[in-house]
Amino acid sequence: MNTERAIIIGGGIAGLLAAKVLSGFYGEVVIVDRDAFPREPENRPGTPQAYQPHRFTPRSRLILNRMFPGLIDELIRHGAHPARGTKAHLHNPYGSMTTVEQSHDATFSRALFEWVIRGYIQRTTNIRLLGMNDVTHLQTSEDRSRVTGIVLRERVSGDRKRSMMTADLIVDASGRFSKAVQWLNELGYQVPRPERLKIDLGYSTRRYRIPAGRKDELDTIRIEGDPFAATHAGAFSIIENDVAEMVLWNLNGRYPSTEPALFEQEIRQLGNPLLNDALRGLEPIGQPRGFRVLELSRQHFEQMPQWPSGLLVMGDAFCQLDPVYGQGMTLAAIEAEVLEECIRRQLEQPRPRFELETLQRLQDNIEVAWWLNVVSDLRWRGVEHSGAQPLQGVTFAQNYFDHILKWSTENANHEILGLYWLINSLFLSPQELFHADRVADLMAAGGSGEAKQWLDRWIEESDRPLVERLSRAIPSFEGAAFATLDQLMHSS
Ligand SMILES: Cc1cc2nc3c(=O)[nH]c(=O)nc-3n(C[C@H](O)[C@H](O)[C@H](O)COP(=O)(O)OP(=O)(O)OC[C@H]3O[C@@H](n4cnc5c(N)ncnc54)[C@H](O)[C@@H]3O)c2cc1C
(Lines give C-alpha, C1' and ligand atoms only; values in the text may rest on other atoms or scores of the structure.)
Protein backbone atom coordinates (compact mmCIF):
# COMPACT_ATOMS: atom_id res chain seq x y z
CA MET A 1 0.00 0.00 0.00
CA ASN A 2 1.44 3.35 -1.03
CA THR A 3 1.12 6.02 1.61
CA GLU A 4 2.30 9.15 -0.14
CA ARG A 5 -0.93 11.14 -0.15
CA ALA A 6 -4.48 10.74 1.15
CA ILE A 7 -7.33 13.05 0.20
CA ILE A 8 -10.39 13.66 2.34
CA ILE A 9 -13.46 15.05 0.57
CA GLY A 10 -15.16 17.29 3.13
CA GLY A 11 -13.75 19.14 6.13
CA GLY A 12 -16.70 18.57 8.50
CA ILE A 13 -16.31 16.56 11.70
CA ALA A 14 -15.88 13.16 10.01
CA GLY A 15 -13.36 14.61 7.53
CA LEU A 16 -11.28 16.33 10.21
CA LEU A 17 -11.14 13.20 12.36
CA ALA A 18 -10.26 10.98 9.40
CA ALA A 19 -7.49 13.41 8.45
CA LYS A 20 -6.05 13.33 11.95
CA VAL A 21 -5.90 9.55 11.88
CA LEU A 22 -4.48 9.33 8.35
CA SER A 23 -1.77 11.90 9.13
CA GLY A 24 -0.15 9.19 11.25
CA PHE A 25 0.30 6.95 8.20
CA TYR A 26 0.42 9.12 5.05
CA GLY A 27 3.14 11.54 3.99
CA GLU A 28 0.55 14.18 3.15
CA VAL A 29 -3.17 14.45 3.89
CA VAL A 30 -5.24 16.99 1.96
CA ILE A 31 -8.72 18.00 3.17
CA VAL A 32 -10.74 19.46 0.30
CA ASP A 33 -13.90 21.41 1.07
CA ARG A 34 -16.30 23.43 -1.05
CA ASP A 35 -16.37 26.14 1.64
CA ALA A 36 -13.68 28.54 2.78
CA PHE A 37 -12.49 27.54 6.26
CA PRO A 38 -13.53 30.45 8.51
CA ARG A 39 -10.87 32.18 10.60
CA GLU A 40 -13.30 32.48 13.53
CA PRO A 41 -15.96 30.03 14.78
CA GLU A 42 -18.66 30.59 12.16
CA ASN A 43 -21.30 28.50 10.44
CA ARG A 44 -20.59 27.57 6.84
CA PRO A 45 -22.99 27.03 3.91
CA GLY A 46 -21.61 23.47 3.47
CA THR A 47 -22.85 22.49 6.96
CA PRO A 48 -26.33 24.02 7.12
CA GLN A 49 -27.16 21.93 10.20
CA ALA A 50 -24.45 23.67 12.24
CA TYR A 51 -26.70 26.35 13.76
CA GLN A 52 -28.73 23.61 15.45
CA PRO A 53 -27.54 22.21 18.81
CA HIS A 54 -24.75 19.65 18.61
CA ARG A 55 -24.48 17.49 21.70
CA PHE A 56 -21.20 15.89 22.64
CA THR A 57 -21.21 12.47 24.36
CA PRO A 58 -18.87 10.70 26.79
CA ARG A 59 -17.75 8.35 23.99
CA SER A 60 -16.75 11.18 21.66
CA ARG A 61 -15.02 12.90 24.57
CA LEU A 62 -13.06 9.74 25.27
CA ILE A 63 -11.94 9.31 21.67
CA LEU A 64 -11.26 12.98 20.94
CA ASN A 65 -9.31 13.56 24.16
CA ARG A 66 -6.93 10.88 22.95
CA MET A 67 -6.68 12.36 19.45
CA PHE A 68 -6.49 15.97 20.62
CA PRO A 69 -4.94 16.13 24.09
CA GLY A 70 -6.34 18.96 26.20
CA LEU A 71 -9.40 19.35 23.95
CA ILE A 72 -11.89 20.25 26.69
CA ASP A 73 -9.57 22.91 28.16
CA GLU A 74 -9.00 24.30 24.68
CA LEU A 75 -12.76 24.53 24.08
CA ILE A 76 -13.26 26.26 27.43
CA ARG A 77 -10.37 28.64 26.72
CA HIS A 78 -12.27 29.73 23.61
CA GLY A 79 -15.53 30.36 25.45
CA ALA A 80 -17.23 26.93 25.75
CA HIS A 81 -19.25 26.52 28.94
CA PRO A 82 -17.53 24.30 31.55
CA ALA A 83 -19.95 21.53 32.41
CA ARG A 84 -18.54 19.94 35.57
CA GLY A 85 -20.91 20.54 38.48
CA THR A 86 -23.75 21.80 36.27
CA LYS A 87 -27.22 20.36 36.65
CA ALA A 88 -29.35 18.76 33.95
CA HIS A 89 -33.10 18.36 34.41
CA LEU A 90 -34.37 15.52 32.28
CA HIS A 91 -38.08 15.19 31.65
CA ASN A 92 -39.67 12.27 29.85
CA PRO A 93 -43.32 11.24 29.59
CA TYR A 94 -42.94 9.29 32.87
CA GLY A 95 -41.44 11.95 35.11
CA SER A 96 -38.31 13.96 35.81
CA MET A 97 -34.82 13.46 37.10
CA THR A 98 -31.94 15.77 37.85
CA THR A 99 -28.32 14.80 37.35
CA VAL A 100 -25.11 16.64 38.13
CA GLU A 101 -22.27 16.46 35.59
CA GLN A 102 -19.26 14.81 37.22
CA SER A 103 -16.85 14.90 34.29
CA HIS A 104 -14.51 17.54 32.96
CA ASP A 105 -16.73 18.38 30.00
CA ALA A 106 -18.09 21.41 28.17
CA THR A 107 -21.04 22.57 26.07
CA PHE A 108 -20.55 24.58 22.87
CA SER A 109 -21.86 25.28 19.40
CA ARG A 110 -20.96 23.11 16.47
CA ALA A 111 -19.11 26.06 14.88
CA LEU A 112 -16.85 26.50 17.91
CA PHE A 113 -16.25 22.76 18.19
CA GLU A 114 -15.31 22.40 14.52
CA TRP A 115 -13.08 25.50 14.68
CA VAL A 116 -11.16 24.19 17.72
CA ILE A 117 -10.67 20.76 16.14
CA ARG A 118 -9.58 22.45 12.90
CA GLY A 119 -7.03 24.41 14.96
CA TYR A 120 -5.41 21.11 16.02
CA ILE A 121 -5.51 19.94 12.40
CA GLN A 122 -3.88 23.14 11.15
CA ARG A 123 -1.05 22.59 13.61
CA THR A 124 -0.45 19.08 12.20
CA THR A 125 2.34 19.68 9.73
CA ASN A 126 1.45 17.05 7.13
CA ILE A 127 -2.24 18.01 6.82
CA ARG A 128 -3.20 20.62 4.22
CA LEU A 129 -6.60 22.31 4.13
CA LEU A 130 -7.83 23.24 0.69
CA GLY A 131 -11.01 25.30 0.86
CA MET A 132 -13.27 26.73 -1.87
CA ASN A 133 -12.96 23.64 -4.04
CA ASP A 134 -15.82 21.40 -5.07
CA VAL A 135 -14.92 17.80 -5.75
CA THR A 136 -16.89 17.00 -8.89
CA HIS A 137 -15.62 13.57 -9.96
CA LEU A 138 -13.36 10.71 -9.06
CA GLN A 139 -10.43 9.80 -11.27
CA THR A 140 -9.80 6.12 -11.83
CA SER A 141 -7.45 3.69 -13.48
CA GLU A 142 -8.41 2.78 -17.05
CA ASP A 143 -10.25 -0.38 -15.98
CA ARG A 144 -12.04 1.62 -13.23
CA SER A 145 -10.97 -0.82 -10.56
CA ARG A 146 -8.89 1.76 -8.70
CA VAL A 147 -9.66 5.32 -7.68
CA THR A 148 -6.54 7.34 -8.30
CA GLY A 149 -7.58 10.93 -7.65
CA ILE A 150 -10.22 13.62 -7.72
CA VAL A 151 -11.36 16.34 -10.08
CA LEU A 152 -11.73 19.73 -8.40
CA ARG A 153 -13.56 22.84 -9.40
CA GLU A 154 -12.32 26.04 -7.83
CA ARG A 155 -15.01 28.28 -6.39
CA VAL A 156 -12.92 31.41 -5.84
CA SER A 157 -12.38 32.63 -9.35
CA GLY A 158 -15.12 33.53 -11.81
CA ASP A 159 -13.82 30.99 -14.32
CA ARG A 160 -14.26 28.07 -11.86
CA LYS A 161 -10.97 26.52 -12.87
CA ARG A 162 -10.79 22.73 -12.90
CA SER A 163 -7.81 20.69 -11.75
CA MET A 164 -6.90 17.18 -10.74
CA MET A 165 -5.16 15.77 -7.72
CA THR A 166 -3.92 12.22 -7.34
CA ALA A 167 -3.80 10.20 -4.13
CA ASP A 168 -3.24 6.69 -2.81
CA LEU A 169 -6.41 6.84 -0.70
CA ILE A 170 -9.53 8.96 -1.04
CA VAL A 171 -12.03 9.20 1.80
CA ASP A 172 -15.44 10.63 1.00
CA ALA A 173 -16.58 12.48 4.14
CA SER A 174 -18.75 14.98 2.30
CA GLY A 175 -21.82 14.48 4.46
CA ARG A 176 -25.48 13.98 3.68
CA PHE A 177 -25.19 15.47 0.17
CA SER A 178 -22.35 13.12 -0.81
CA LYS A 179 -22.10 12.20 -4.48
CA ALA A 180 -20.50 8.82 -3.77
CA VAL A 181 -23.46 6.81 -5.08
CA GLN A 182 -23.68 8.93 -8.24
CA TRP A 183 -19.91 8.62 -8.83
CA LEU A 184 -19.94 4.86 -8.28
CA ASN A 185 -22.90 4.47 -10.66
CA GLU A 186 -21.12 6.54 -13.31
CA LEU A 187 -18.13 4.25 -12.99
CA GLY A 188 -20.37 1.25 -13.61
CA TYR A 189 -20.64 -0.06 -10.04
CA GLN A 190 -24.02 -1.35 -8.85
CA VAL A 191 -24.81 0.24 -5.50
CA PRO A 192 -27.44 -1.54 -3.39
CA ARG A 193 -30.51 0.46 -2.44
CA PRO A 194 -29.95 2.14 0.94
CA GLU A 195 -32.11 1.53 3.96
CA ARG A 196 -34.29 4.52 4.67
CA LEU A 197 -36.07 5.88 7.69
CA LYS A 198 -38.72 8.42 6.81
CA ILE A 199 -38.97 10.71 9.84
CA ASP A 200 -39.99 14.16 8.50
CA LEU A 201 -38.26 15.83 11.42
CA GLY A 202 -38.36 19.58 12.06
CA TYR A 203 -35.94 21.52 14.30
CA SER A 204 -36.29 25.12 15.32
CA THR A 205 -33.54 26.81 17.34
CA ARG A 206 -33.16 30.24 18.86
CA ARG A 207 -30.16 31.70 20.64
CA TYR A 208 -30.25 34.10 23.58
CA ARG A 209 -27.75 36.41 25.24
CA ILE A 210 -27.44 35.75 28.98
CA PRO A 211 -27.46 38.95 31.06
CA ALA A 212 -24.68 39.43 33.62
CA GLY A 213 -25.21 37.48 36.81
CA ARG A 214 -27.71 34.97 35.38
CA LYS A 215 -25.33 32.30 34.09
CA ASP A 216 -24.85 30.47 37.37
CA GLU A 217 -28.56 29.90 37.81
CA LEU A 218 -29.11 28.35 34.35
CA ASP A 219 -29.23 24.56 34.14
CA THR A 220 -29.54 22.27 31.17
CA ILE A 221 -33.15 21.21 30.56
CA ARG A 222 -34.22 18.43 28.24
CA ILE A 223 -37.84 17.53 27.59
CA GLU A 224 -38.27 14.32 25.64
CA GLY A 225 -41.08 14.07 23.11
CA ASP A 226 -43.98 11.76 23.75
CA PRO A 227 -44.45 9.51 20.70
CA PHE A 228 -48.04 8.77 21.65
CA ALA A 229 -49.10 12.38 22.23
CA ALA A 230 -46.77 13.58 19.42
CA THR A 231 -45.94 16.72 21.40
CA HIS A 232 -42.86 18.84 20.68
CA ALA A 233 -39.63 18.00 22.45
CA GLY A 234 -37.22 20.66 23.57
CA ALA A 235 -33.81 21.35 25.07
CA PHE A 236 -32.19 24.36 26.65
CA SER A 237 -28.49 24.72 27.30
CA ILE A 238 -25.75 27.29 27.64
CA ILE A 239 -23.34 27.02 24.72
CA GLU A 240 -20.53 29.57 24.88
CA ASN A 241 -19.58 33.17 25.55
CA ASP A 242 -22.74 34.01 27.54
CA VAL A 243 -25.01 32.59 24.88
CA ALA A 244 -27.69 29.93 25.47
CA GLU A 245 -29.76 28.01 22.91
CA MET A 246 -33.25 26.61 22.90
CA VAL A 247 -34.38 24.01 20.41
CA LEU A 248 -37.80 22.53 19.71
CA TRP A 249 -38.29 19.50 17.52
CA ASN A 250 -40.97 17.10 16.39
CA LEU A 251 -41.41 14.31 13.84
CA ASN A 252 -43.83 13.42 11.07
CA GLY A 253 -44.23 16.94 9.67
CA ARG A 254 -45.26 18.63 12.93
CA TYR A 255 -42.59 21.29 12.54
CA PRO A 256 -42.00 23.76 15.38
CA SER A 257 -42.47 27.36 14.30
CA THR A 258 -39.65 29.68 13.27
CA GLU A 259 -41.86 32.72 13.73
CA PRO A 260 -40.57 34.33 16.98
CA ALA A 261 -43.87 34.84 18.83
CA LEU A 262 -45.18 31.38 17.87
CA PHE A 263 -41.86 29.77 18.79
CA GLU A 264 -41.96 31.35 22.26
CA GLN A 265 -45.60 30.30 22.62
CA GLU A 266 -44.74 26.70 21.67
CA ILE A 267 -42.04 26.73 24.37
CA ARG A 268 -44.61 27.86 26.96
CA GLN A 269 -46.95 25.10 25.76
CA LEU A 270 -44.39 22.55 26.91
CA GLY A 271 -45.61 23.58 30.35
CA ASN A 272 -42.25 23.36 32.04
CA PRO A 273 -41.84 25.98 34.80
CA LEU A 274 -38.04 25.47 34.98
CA LEU A 275 -37.75 26.25 31.30
CA ASN A 276 -40.00 29.29 31.51
CA ASP A 277 -37.91 30.62 34.43
CA ALA A 278 -34.66 29.96 32.59
CA LEU A 279 -35.75 31.90 29.50
CA ARG A 280 -37.17 34.86 31.46
CA GLY A 281 -35.00 37.93 30.92
CA LEU A 282 -32.75 36.31 28.29
CA GLU A 283 -32.32 38.48 25.22
CA PRO A 284 -33.11 36.70 21.91
CA ILE A 285 -30.37 36.89 19.28
CA GLY A 286 -32.22 37.02 15.99
CA GLN A 287 -35.07 34.81 14.87
CA PRO A 288 -35.40 31.08 15.43
CA ARG A 289 -33.88 29.07 12.60
CA GLY A 290 -35.35 25.87 11.28
CA PHE A 291 -33.88 22.67 9.82
CA ARG A 292 -35.75 19.75 8.33
CA VAL A 293 -34.73 16.16 7.79
CA LEU A 294 -37.24 14.27 5.67
CA GLU A 295 -35.49 10.95 5.81
CA LEU A 296 -32.31 9.24 6.93
CA SER A 297 -30.40 6.80 4.81
CA ARG A 298 -27.94 4.05 5.54
CA GLN A 299 -25.86 2.85 2.61
CA HIS A 300 -24.74 -0.76 2.26
CA PHE A 301 -21.48 -0.28 0.35
CA GLU A 302 -19.97 -3.24 2.22
CA GLN A 303 -22.37 -5.57 0.38
CA MET A 304 -21.06 -4.67 -3.07
CA PRO A 305 -19.34 -7.55 -4.82
CA GLN A 306 -16.97 -5.07 -6.50
CA TRP A 307 -15.60 -1.92 -4.95
CA PRO A 308 -12.84 0.29 -6.37
CA SER A 309 -9.63 0.13 -4.38
CA GLY A 310 -8.34 3.42 -3.01
CA LEU A 311 -11.79 4.67 -1.94
CA LEU A 312 -13.56 4.75 1.44
CA VAL A 313 -16.70 6.51 2.67
CA MET A 314 -17.31 7.78 6.20
CA GLY A 315 -19.61 9.91 8.35
CA ASP A 316 -22.98 11.12 7.10
CA ALA A 317 -21.99 10.15 3.55
CA PHE A 318 -22.29 6.51 4.69
CA CYS A 319 -25.18 6.82 7.13
CA GLN A 320 -27.17 9.72 8.55
CA LEU A 321 -28.63 9.37 12.02
CA ASP A 322 -31.58 11.04 13.65
CA PRO A 323 -30.00 14.21 15.14
CA VAL A 324 -32.37 14.06 18.10
CA TYR A 325 -30.14 11.40 19.68
CA GLY A 326 -26.94 13.42 19.21
CA GLN A 327 -24.93 10.44 17.91
CA GLY A 328 -23.58 11.69 14.54
CA MET A 329 -20.30 13.16 15.74
CA THR A 330 -19.80 10.24 18.12
CA LEU A 331 -20.23 7.78 15.28
CA ALA A 332 -17.76 9.83 13.20
CA ALA A 333 -15.24 9.56 16.07
CA ILE A 334 -15.79 5.80 16.37
CA GLU A 335 -15.35 5.45 12.61
CA ALA A 336 -12.09 7.38 12.77
CA GLU A 337 -10.79 4.88 15.36
CA VAL A 338 -11.92 1.99 13.15
CA LEU A 339 -10.13 3.56 10.17
CA GLU A 340 -6.95 3.91 12.22
CA GLU A 341 -7.04 0.26 13.23
CA CYS A 342 -7.81 -0.95 9.67
CA ILE A 343 -4.96 1.06 8.12
CA ARG A 344 -2.50 -0.10 10.77
CA ARG A 345 -3.49 -3.73 10.12
CA GLN A 346 -3.24 -3.23 6.38
CA LEU A 347 0.27 -1.85 6.66
CA GLU A 348 1.35 -4.76 8.85
CA GLN A 349 -0.42 -7.42 6.81
CA PRO A 350 -1.74 -6.28 3.42
CA ARG A 351 -5.02 -7.83 2.29
CA PRO A 352 -6.55 -7.53 -1.19
CA ARG A 353 -10.05 -6.67 0.08
CA PHE A 354 -8.88 -3.93 2.45
CA GLU A 355 -11.50 -1.35 1.40
CA LEU A 356 -14.48 -3.71 1.55
CA GLU A 357 -13.30 -5.08 4.89
CA THR A 358 -12.93 -1.55 6.24
CA LEU A 359 -16.41 -0.63 4.98
CA GLN A 360 -17.72 -3.74 6.75
CA ARG A 361 -16.05 -2.69 10.02
CA LEU A 362 -17.54 0.78 9.68
CA GLN A 363 -20.93 -0.79 9.00
CA ASP A 364 -20.67 -2.97 12.12
CA ASN A 365 -20.50 0.24 14.14
CA ILE A 366 -23.14 2.04 12.11
CA GLU A 367 -25.51 -0.88 12.75
CA VAL A 368 -25.68 -0.13 16.49
CA ALA A 369 -26.68 3.50 16.08
CA TRP A 370 -29.05 2.79 13.20
CA TRP A 371 -30.80 0.02 15.11
CA LEU A 372 -31.26 2.27 18.16
CA ASN A 373 -32.60 5.06 15.92
CA VAL A 374 -35.08 2.80 14.16
CA VAL A 375 -36.27 1.19 17.42
CA SER A 376 -36.91 4.58 18.95
CA ASP A 377 -38.31 6.46 15.96
CA LEU A 378 -40.72 3.75 14.82
CA ARG A 379 -42.72 4.43 18.00
CA TRP A 380 -43.83 7.70 16.34
CA ARG A 381 -46.84 7.62 14.05
CA GLY A 382 -45.89 8.28 10.43
CA VAL A 383 -42.27 7.10 10.72
CA GLU A 384 -41.47 4.35 8.20
CA HIS A 385 -38.47 2.10 7.72
CA SER A 386 -37.64 0.52 4.38
CA GLY A 387 -34.80 -1.78 3.50
CA ALA A 388 -33.97 -5.12 1.95
CA GLN A 389 -34.58 -6.78 5.33
CA PRO A 390 -36.71 -5.72 8.31
CA LEU A 391 -34.61 -4.88 11.35
CA GLN A 392 -34.43 -7.51 14.06
CA GLY A 393 -35.99 -7.20 17.50
CA VAL A 394 -37.66 -3.81 17.04
CA THR A 395 -40.98 -4.50 18.79
CA PHE A 396 -39.35 -6.31 21.68
CA ALA A 397 -36.77 -3.56 22.18
CA GLN A 398 -39.46 -0.85 22.02
CA ASN A 399 -41.52 -2.51 24.75
CA TYR A 400 -38.48 -3.26 26.86
CA PHE A 401 -36.91 0.21 26.54
CA ASP A 402 -40.24 1.94 27.25
CA HIS A 403 -40.66 -0.17 30.36
CA ILE A 404 -37.09 0.54 31.51
CA LEU A 405 -37.52 4.27 30.96
CA LYS A 406 -40.82 4.31 32.84
CA TRP A 407 -39.70 2.16 35.72
CA SER A 408 -36.28 3.78 36.21
CA THR A 409 -37.73 7.29 36.03
CA GLU A 410 -40.56 6.55 38.43
CA ASN A 411 -38.12 4.93 40.83
CA ALA A 412 -35.29 7.42 40.30
CA ASN A 413 -33.01 4.53 39.42
CA HIS A 414 -29.97 6.42 38.17
CA GLU A 415 -28.01 3.24 37.51
CA ILE A 416 -30.44 1.82 34.94
CA LEU A 417 -31.20 5.23 33.41
CA GLY A 418 -27.45 5.83 33.18
CA LEU A 419 -26.96 2.48 31.48
CA TYR A 420 -29.75 3.29 29.03
CA TRP A 421 -28.15 6.67 28.26
CA LEU A 422 -24.66 5.13 27.81
CA ILE A 423 -26.12 2.63 25.34
CA ASN A 424 -27.97 5.32 23.43
CA SER A 425 -24.86 7.45 23.22
CA LEU A 426 -22.89 4.49 21.78
CA PHE A 427 -20.62 4.03 24.80
CA LEU A 428 -21.80 0.54 25.76
CA SER A 429 -23.32 -2.25 23.69
CA PRO A 430 -27.13 -2.57 23.75
CA GLN A 431 -26.38 -6.16 24.77
CA GLU A 432 -25.59 -4.79 28.27
CA LEU A 433 -29.35 -4.53 28.74
CA PHE A 434 -30.28 -7.75 26.94
CA HIS A 435 -28.75 -10.40 29.24
CA ALA A 436 -31.57 -12.83 30.00
CA ASP A 437 -31.28 -12.32 33.78
CA ARG A 438 -31.36 -8.57 33.45
CA VAL A 439 -34.34 -8.66 31.07
CA ALA A 440 -36.25 -10.98 33.44
CA ASP A 441 -35.44 -8.82 36.49
CA LEU A 442 -36.25 -5.51 34.86
CA MET A 443 -39.46 -6.71 33.23
CA ALA A 444 -40.59 -8.07 36.61
CA ALA A 445 -39.88 -4.72 38.26
CA GLY A 446 -42.81 -2.36 38.70
CA GLY A 447 -46.10 -2.76 40.50
CA SER A 448 -48.62 -3.64 37.81
CA GLY A 449 -46.98 -6.80 36.50
CA GLU A 450 -47.95 -5.77 32.97
CA ALA A 451 -44.41 -5.89 31.61
CA LYS A 452 -43.80 -9.30 33.14
CA GLN A 453 -46.99 -10.64 31.54
CA TRP A 454 -45.91 -9.19 28.20
CA LEU A 455 -42.52 -10.90 28.53
CA ASP A 456 -44.14 -14.23 29.46
CA ARG A 457 -46.37 -14.08 26.39
CA TRP A 458 -43.39 -13.21 24.20
CA ILE A 459 -41.43 -16.21 25.49
CA GLU A 460 -44.44 -18.53 25.09
CA GLU A 461 -44.88 -17.55 21.44
CA SER A 462 -41.73 -19.44 20.50
CA ASP A 463 -41.64 -22.01 23.28
CA ARG A 464 -37.91 -21.37 23.77
CA PRO A 465 -36.02 -20.32 26.89
CA LEU A 466 -35.52 -16.57 27.27
CA VAL A 467 -31.77 -16.78 26.63
CA GLU A 468 -32.36 -18.43 23.27
CA ARG A 469 -35.27 -16.18 22.31
CA LEU A 470 -33.19 -13.09 23.02
CA SER A 471 -30.16 -14.30 21.12
CA ARG A 472 -32.36 -14.90 18.06
CA ALA A 473 -34.32 -11.67 18.36
CA ILE A 474 -31.72 -9.06 19.23
CA PRO A 475 -28.66 -8.35 17.05
CA SER A 476 -25.40 -9.32 18.75
CA PHE A 477 -23.50 -6.17 17.63
CA GLU A 478 -20.41 -8.37 17.81
CA GLY A 479 -18.36 -6.55 15.21
CA ALA A 480 -18.79 -3.14 16.84
CA ALA A 481 -16.27 -1.52 19.15
CA PHE A 482 -17.51 -0.27 22.52
CA ALA A 483 -15.91 1.40 25.50
CA THR A 484 -15.93 0.18 29.10
CA LEU A 485 -17.24 1.61 32.35
CA ASP A 486 -13.66 1.62 33.58
CA GLN A 487 -12.72 3.94 30.71
CA LEU A 488 -15.63 6.18 31.65
CA MET A 489 -14.35 6.44 35.24
CA HIS A 490 -10.88 7.38 34.06
CA SER A 491 -12.00 9.73 31.27
CA SER A 492 -12.99 12.59 33.53
C1 LIG B 1 -30.22 19.31 12.79
C2 LIG B 1 -29.02 18.48 13.12
C3 LIG B 1 -28.57 18.43 14.45
C4 LIG B 1 -27.50 17.61 14.78
N5 LIG B 1 -27.13 17.50 16.09
C6 LIG B 1 -26.14 16.66 16.42
C7 LIG B 1 -25.76 16.49 17.79
O8 LIG B 1 -26.39 17.04 18.70
N9 LIG B 1 -24.71 15.68 18.06
C10 LIG B 1 -24.05 15.00 17.08
O11 LIG B 1 -23.12 14.26 17.38
N12 LIG B 1 -24.40 15.12 15.78
C13 LIG B 1 -25.42 15.93 15.44
N14 LIG B 1 -25.76 16.05 14.12
C15 LIG B 1 -25.04 15.25 13.10
C16 LIG B 1 -23.74 15.90 12.72
O17 LIG B 1 -23.95 17.18 12.15
C18 LIG B 1 -23.00 15.00 11.70
O19 LIG B 1 -23.28 13.66 11.91
C20 LIG B 1 -21.51 15.15 11.86
O21 LIG B 1 -21.18 16.48 11.66
C22 LIG B 1 -20.71 14.31 10.86
O23 LIG B 1 -20.97 14.80 9.62
P24 LIG B 1 -19.95 14.73 8.40
O25 LIG B 1 -18.62 15.26 8.79
O26 LIG B 1 -20.05 13.39 7.82
O27 LIG B 1 -20.66 15.77 7.42
P28 LIG B 1 -20.75 17.34 7.55
O29 LIG B 1 -20.45 17.80 8.91
O30 LIG B 1 -22.05 17.71 6.97
O31 LIG B 1 -19.57 17.85 6.61
C32 LIG B 1 -19.54 17.61 5.23
C33 LIG B 1 -18.52 18.55 4.60
O34 LIG B 1 -18.32 18.20 3.24
C35 LIG B 1 -18.25 19.38 2.45
N36 LIG B 1 -18.63 18.99 1.08
C37 LIG B 1 -19.80 18.46 0.67
N38 LIG B 1 -19.75 18.14 -0.64
C39 LIG B 1 -18.51 18.47 -1.06
C40 LIG B 1 -17.86 18.38 -2.33
N41 LIG B 1 -18.46 17.84 -3.41
N42 LIG B 1 -16.59 18.83 -2.44
C43 LIG B 1 -15.97 19.37 -1.36
N44 LIG B 1 -16.53 19.47 -0.14
C45 LIG B 1 -17.78 19.02 0.00
C46 LIG B 1 -19.20 20.34 3.14
O47 LIG B 1 -18.89 21.68 2.85
C48 LIG B 1 -18.94 20.02 4.61
O49 LIG B 1 -17.91 20.79 5.15
C50 LIG B 1 -26.83 16.86 13.76
C51 LIG B 1 -27.28 16.92 12.44
C52 LIG B 1 -28.38 17.70 12.13
C53 LIG B 1 -28.88 17.69 10.72
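Q: How many nonpolar, polar and charged residues make up the shell around the ligand?
A: Start with the classes: Ala, Val, Leu, Ile, Met, Phe, Trp, Tyr, Cys and Pro count as nonpolar, Asp, Glu, Lys and Arg as charged, and the others, Gly among them, as polar. Here the shell has 15 nonpolar, 16 polar and seven charged residues. Keep in mind that this is a predicted model, where local features need pLDDT of at least 70 and side-chain atom pairs count only at pLDDT 80 or more, while totals for chains, interfaces and linings use all residues. Residue numbers start from 1 along each chain as its sequence is written.

Q: Which residues are closest to the ligand?
A: A residue is near a molecule if its C-beta atom, placed from the backbone, lies within 6 Å of it. That gives 38 residues around the ligand, and the closest are Gly 10, Gly 12, Gly 46, Gly 315 and Gly 328. Elements giving two or more residues are helix 1 (13–22), strand 8 (133–140), strand 16 (283–298) and helix 8. Helices (H or I, at least four residues) and strands (E, at least two) are DSSP runs, numbered from the N terminus. Helix 8 supplies the largest share, four residues.

Q: Which domains give at least three residues each to that shell?
A: Domain bounds come from an automatic or database domain assignment. Domain 1 (5–48 + 110–192 + 299–352) and domain 2 (87–108 + 196–295) each do. The assignment also gives domain 3 (384–491). The centres of domain 1 and domain 3, taken over C-alpha atoms, are 35 Å apart.

Q: How do I describe two packed helices, say helix 8 and helix 9?
A: You use the angle between their axes and the distance between the axes. Axes are lines fitted to C-alpha atoms, for helices over the stretch in contact, and angles run from 0 to 180 degrees between N-to-C directions. Helix 8 (residues 328–348) and helix 9 (residues 354–377) have axes that come within 10 Å and cross at roughly 155 degrees. Angles under 35 degrees count as roughly parallel, over 145 as roughly antiparallel, 65 to 115 as roughly perpendicular and the rest as oblique. So helix 8 and helix 9 are roughly antiparallel to each other. Residues in contact have C-beta atoms, placed from the backbone, within 7 Å. Among those touching are Leu 331 and Ile 334 of helix 8, and Phe 354 and Leu 362 of helix 9. In total this contact has nine nonpolar, three polar and three charged residues.

Q: What angle do helix 1 and helix 4 make?
A: Helix 1 packs with helix 4 (residues 110–122) at about 25 degrees, axes 10 Å apart. They are therefore roughly parallel to each other. Ile 13, Leu 16, Ala 19 and Lys 20 of helix 1 meet Glu 114, Ile 117, Arg 118 and Ile 121 of helix 4. That contact splits into five nonpolar, no polar and three charged residues.

Q: And where do helix 12 and helix 14 touch?
A: Helix 12 (residues 436–444) and helix 14 (residues 466–473) have axes that come within 9 Å and cross at roughly 105 degrees, so the two are roughly perpendicular to each other. Ala 436, Val 439 and Ala 440 of helix 12 touch Leu 466, Val 467 and Leu 470 of helix 14. By class, that's six nonpolar, no polar and no charged residues.

Notes: Contact = placed C-beta atoms within 7 Å.
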